[in-house]
Amino acid sequence: MSHHHDSKEPKQKKKVQVATGDRAILPEGATTIPVYIMGKRYEVPETLTIMKAMEYAGFKFLRGAGCRGGICGACPTVYRKPGDYKLHFGLACQTVVEPDMYLAQIPFYPANRAAYKIEDLEPNPEIIFSLYPELFRCVACNNCTKACPMGVDVLGYISALKQGDIARAAEISFDCIQCGMCASRCMGELPQYHIAQLARRMYGRAIMPRARHLAKRVEEIESGKYDEMLKSLQTMSHGELEKRYKEREREPDMAPNGTWLPANDPYL
Amino acid sequence: MGYTPEMKELIKRVEATRPARMEKARRGENFPALSLEERAVVLEKFHPDYQKEGRRPIRTGPDKGLVLPEEIASMLESRSMLRPENVDLSNPDFETDVLIVGGGGAGTSAALLAADAGVRVIMTTKLRHGDANTMMAEGGIQAAVQESDSPYYHYMDTIGGGHFTNQSDLVAALAHDAPLSIAWLESLGMMFNKFPDGRLISRHFGGSSRKRMNSAGDMTGAEIMRVLRDEARNRGDQITILEFCPAVELILDEDGKCAGAILYNMETREFFIAKAKATIIATGGNGRLHIKGFACTNHYGATMDGVVMCYRAGVGSTCLFSTQYHPTGVAYPEQNVGLLITEKVRGLGAHVLNIDGEQFCFPLEPRDVESAELIKEALEVGKAVITPTGRYGLWLDSPMIDLLHGEGTVRRELPAKFIQFERHGIDISKEPMLVYPTLHYQNGGIAINADCETTIPGLYSAGECTGGLHGENRLMGNSLQDVITFGRRSGAAAARYVNGGVELKKLTLDHVVKYEKELVEAGVENPMVAPILLPDYSTDEVASRRLLEIQGKLEAE
Amino acid sequence: MKVSYYPGCTLKTKAKNLEDAAVASMAALGVDFEELTRWNCCGAVHSLADDDLIHQVAPVRDLVRAMEQGSDKVVTLCSMCYNTLARANLLMRQDEVKRKTINDFMNEEKDYHGEVEVLHFLNFLRDQVGWDTVRNAVKVPLNGLKVAMYYGCTLMRPRNVAIEPIGDTRIMGEFLEAIGAAPVDFPEATTCCGSYQILANPEAAHDVSGRILESAIRAGAEAMVLSCPLCEFNLSKKQPEVLKKNKISREVPVYYFTQLLAMALGLGQEACRFDLNSECSVELLKNKNFPV
Ligand SMILES: Cc1cc2nc3c(=O)[nH]c(=O)nc-3n(C[C@H](O)[C@H](O)[C@H](O)COP(=O)(O)OP(=O)(O)OC[C@H]3O[C@@H](n4cnc5c(N)ncnc54)[C@H](O)[C@@H]3O)c2cc1C
Ligand code: SF4
Ligand code: SF4
Ligand code: SF4
Ligand code: SF4
Ligand code: FES
């Protein structure tokens, strides 16, 4: 896979080495730095993420890589830096290598999850307490919050749940990507992110008000209201479709949802 | 960390041309847009979908003769990982009613609906359950839920957006089911963005006539995926989930019905025979093929496995030649390469510039045209910046936004992007961004009907691996809806088929033997082995020292 | 002076009647009574054995939160929370070595040296609000209602955090008088209710609870007030079992002290929350023609 270069332009006549896909390269003049991957030293180009640096070093991920975009939670990594007693946490796909960092990935951490039937659950904190009695083992050490690569206030949502505030816990925990770092550091041995998931689902299902207009639309669809309309569209000529497409009236940008209704629209 | 000193030098050129460009922008003048004819030329020459170069007719299989990108064609003209004669199919390791291949949004929805219908399900997935493109979607999911909207307008917008090349039964199914999907997700406990009274917040998007984009924060896909995954885990009695266990080949029975798949435990390197009365392919997209070397927005396992397996078994494709490129993917810093930069940045007035800080295109051309112009500037004109990791980049002059709309606009309007770059030491309200087109979405794929049936009885497919719904151009928010609507449909249809009584005859891999014979007859030399399962990002230096692999390849040839 | 209010988890879940009544009463008295915006469980469920520093982390973190918010006083309603926060505060004020260890461990927070004062609500009422203010605000004096004052143990022990000197405890009596009730002292007023024994050894807990109730009845009380959700659980929620086991024939209505305050201030049911008390508690008030 090589790009062709036109020689007309003087600017970049020199043949440049170009990275393709996600493969990192070491362009001329770039510097490398040492990093210790699970204790073993490798030289990798600076500015790479831990993930790409490991690939550059020759690792091929099986575990420890998923979305490569900071949202799936497959690549949590712990590291230390020389002269700094602190443990650092980051996503391998988002964290840039630093000279002499010592790192290890923790692609999986065991955490028990309670099974439940969401349709039978009242949005009641007591239910969360009975499914996860270990909630009360939290000693507020805050290790979880310090470990979270997404900056979620984990102790905050655990506290909210102990206080019976499901809505608050749902909102605080919304950015959780379920990487498991909090559980790996927990003194009380809690599976925080599973508890938060339960809270969010209770909140979404039974505490946030349901969308009434949606229920009405579902009824309309199930009663067959749009069946004929959709059928006739499927057999419509290209010309007619194109004409109707151009004629569509556009809902005004500034109209708040639920306020604008076109007059005499036979297709609603 | 931020930009290197060399790059900072280059930024000075951008700053040098900025005052004059600002003057013009304030006067409402912009770089002239292309005429329709000029558009056609630049697309033809530089858009990867239009370019003749890098595309060729496929020589084997049900779509023989169809012109496809080189990477796709050679992946379809491939051999199996397995030698069929060595595989004993008589003692299946797993037996189930429905086998689902792929645990993204489509696969997991299918599993839940099949379980609802009372059948046993095995869902097998390549990485962890949820390591999928579904997890990555930020923007939203379409559904005509507001009073101002209806399935009619959803149909219209979708088919017009797809230049009327869409498969109409699929579009009708999508428009019909979309509100049902949203209600289903709501009942499962998904946290949609809502007004305090419960009304969904729906927005406009490119190509919409009505406000139809529903979302959950700026991580709609992740919220969908988390909820579906959690629910699947609640159904452990009916749904068995096998992680790190991709399917590598379909199994048929003597009558030509689909009878399951061969699974590969990537950790122990064991193969397993999974016999199933019905099979659903939901393996997602192909961004990781890096067509023409482009970076991509997709997850690590997006390697088109499902299309490969189905093609080998005789199932053809729809619109597989069509790929969506997003014109502005991140080119620097390296850790964000390929990730999306929303169109909104250009919408707010940022210019696209070359290495000398010169404008070379109208910043708001249609996506495909804009992508082609950036590629042209890099490849033909040669005025792209080369990043420290050897990538092409063109400037997107984001500091113009605050200058045009007032201090703080960037932070307010683009909070997620601002933070993403700030984390790496770049303040995009003060320094421009480096961008280059990125591979985003597999528009086409496995041919299905509105019940997700393929041409093989007992074989279903849903989600990004299928084709037809979007035609040659997908609208934002329709793919998340695609995976829920058709994921659900496929699960229900497969369960119906199983509940109707299915009797499997002797299992075979004859279709593989037959296809490999066809490869020989068509003169395909050294066919690759596929599915590839994961991309290989090792450097040439590393690869050249992997003597065992090199030896193995030589022996195979 | 800024005062923060620390509710504690139990008040948010199982003892809403303790909290709602207090919050509404403070509003009625025009006292600024603001809940901490961030707080965690004080951890009273763990033992505070002195060498087990990790359990001090939770209450100290709450004290840091109060300090962060610029408060120099934090008020609690629950006796257990009071006890936990007050003991942790004492430790941070007095034990330099442990203070340093805890501050080092929590180095993501500001250092804490005991800057905040921990107050129980009763002390807060007496010292910051004043009995006269309370008396003047009373709309429904609890004319002569004979109420046993049950302190339990965590308000009084250990000695160095007791809300009043042991042997000279008047605060509950002063409070009851201020709202027009007749305080009844009784021998078992500071006997432990059995506490968490109720889980491991319910029989033993029922025995002590029985002793306490009997003692109150014998002293002539019609009802009992307390300030701890666990006492409430043992003495009221579990009362049917306690009465049966100890062959006591009379039921004893039990209230949180804040509920009587709210009723005396003329606040409605949403404030008093007698709906969360036992049936006999509501009946007694009805019989006395109090507005329930
Ligand atoms: C960055 C990004 C942003 C997006 N934003 C939006 C948006 O805002 N709105 C919208 O509608 N769409 C958006 N999309 C598109 C949308 O997210 C996807 O098209 C859709 O989620 C695909 O779902 P799926 O279930 O078909 O595939 P996926 O979610 O990709 O799931 C496929 C699964 O199958 C597994 N798999 C693959 N091969 C095998 C095998 N051989 N055996 C077993 N398992 C296998 C994969 O590992 C994966 O888990 C976005 C996509 C990306 C990448
Ligand atoms: S809350 Fe826990 S699981 Fe969720 S992202 Fe943070 S560390 Fe990971
Ligand atoms: S790590 Fe565990 S114990 Fe510590 S604060 Fe978090 S949840 Fe509580
Ligand atoms: S007393 Fe109990 S419930 Fe109350 S805060 Fe302290 S520990 Fe948590
Ligand atoms: S619960 Fe019992 S143990 Fe606790 S304070 Fe109340 S009396 Fe003491
Ligand atoms: S790979 Fe998904 S978060 Fe890093």
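These legends go with a set of close-ups of a predicted model.

**View 1. Helix α2 of chain C, end to end.** This helix runs over residues 16-28 of chain C. Just past the end of α2(C), look for C:G30, which takes a positive phi of about 70°.

**View 2. The buried residues of α2(C).** Here we pick out C:N17, C:L18, C:E19, C:A21, C:A22, C:S25 and C:M26, which are buried. As a reminder for reading the view, an α-helix has 3.6 residues a turn, so residues three or four places apart point the same way.

**View 3. Who touches whom.** Two pairs of chains touch, and the pair with the most contacts is A and B. Chains B and C, on the other hand, have no contact: their closest C-alpha atoms sit 20 Å apart.

**View 4. Where chain C meets chain A.** On the chain C side 20 residues are in contact, facing 21 residues of chain A. Together the two chains bury about 1,500 Å², with 52% of that on carbon and sulfur atoms.

View 5. Zoom in on C:R38 and A:D153, whose side chains form a salt bridge at 3.5 Å, N to O. On the chain C side, the elements giving two or more residues are α1 (9-13) and α3 (54-68). The largest share, 5 residues, comes from α3(C). By type, the chain C side splits into 8 nonpolar, 6 polar and 6 charged residues.

Conventions
Residues numbered from 1 in each chain as written. Chains lettered and ligands numbered in written order. Predicted model: local features only at pLDDT ≥ 70, side-chain atom pairs only at ≥ 80, totals over all residues. Heavy atoms only, no water. Helix = DSSP H or I, 4+ residues; strand = E, 2+ residues; numbered from the N terminus. Expected span 1.5 Å × (residues − 1). Buried < 20%, exposed > 50% of the residue type's maximum accessible area, 1.4 Å probe, protein only. Contact = heavy atoms within 4.5 Å. Buried area = accessible area lost by both parts, 1.4 Å probe. Salt bridge = Lys/Arg side-chain N within 4 Å of Asp/Glu carboxyl O. Nonpolar A, V, L, I, M, F, W, Y, C, P; charged D, E, K, R; others polar.
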